[in-house]
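Notebook open, model loaded. I wanted to look at one helix, its packing and the aromatic rings.

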Amino acid sequence: MIPHGVLHMNWIILFIAGLLEIGWAIGLKYTDGFSRLWPTLGTALCLVASFLLLGVAMKTLPAGTAYAVWVGIGAVGTAIFGIVLFGESADLLKLVSLAFICAGIIGLKLAHS
């Protein structure tokens, strides 16, 4: 049996991995096709760190749950940053869809508790 503290820590690690996924996804926009050095390095750093932390979290969390939560955090965060930073559309259907993804992430977390 895995101690509760370890599981809790791995959920935090997974959340941080999701935030880093947002960082590399948004960073891709700033690399200008990988032609700008510093944005490319920052993007690569976020990418590697995100994958490493996802791997750590998956040591104790179910693979399907961890991956779905990681992707969900990245997708929602990237969409929100796209709206804020790049003026992408924020129509009602998009916002409702993002809310459903958030509900799914919360549901997966609660189902694992």
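I started with helix α3 (residues 63–86): at 1.5 Å a residue its 24 residues should span 34 Å, and the end C-alpha atoms are 33 Å apart, which agrees. The expected span is 1.5 Å times one less than the number of residues. Helices here are DSSP runs (H or I, at least four residues), numbered from the N terminus.

This is a predicted model, where local features need pLDDT of at least 70, side-chain atom pairs count only at pLDDT 80 or more, and totals for chains, interfaces and linings use all residues. Residues are numbered from 1 along each chain as its sequence is written, and side-chain values use heavy atoms, with hydrogens and water left out.

Next I checked burial in α3. Among the buried residues are Thr65, Val69, Trp70, Ile73 and Val76; buried means under 20% relative accessible area, exposed over 50%, partly exposed in between (1.4 Å probe, protein chains only). The buried residues of α3 pack against α1, α2 (37–57) and α4 (92–112), with contact meaning heavy atoms within 4.5 Å. Just after α3, Gly87 has a positive phi of about 65°.

Then I went through the rings. I found three aromatic pairs in the whole structure. Tyr30 and Phe86 have ring centres 5.5 Å apart and planes at 50°, so I logged the pair as tilted. Rings of Phe, Tyr and Trp (its six-membered ring) pair with centres within 6.5 Å; planes under 30 degrees apart are stacked, over 60 edge-to-face, the rest tilted. Tyr30 sits in α1 and Phe86 in α3, 56 residues apart. Tyr30 is partly exposed at 37% relative accessibility, and Phe86 is partly exposed at 27%. Ring pairs also link Phe51, Tyr67 and Trp70 into a cluster.

Conventions. Helices (H or I, at least four residues) and strands (E, at least two) are DSSP runs, numbered from the N terminus.
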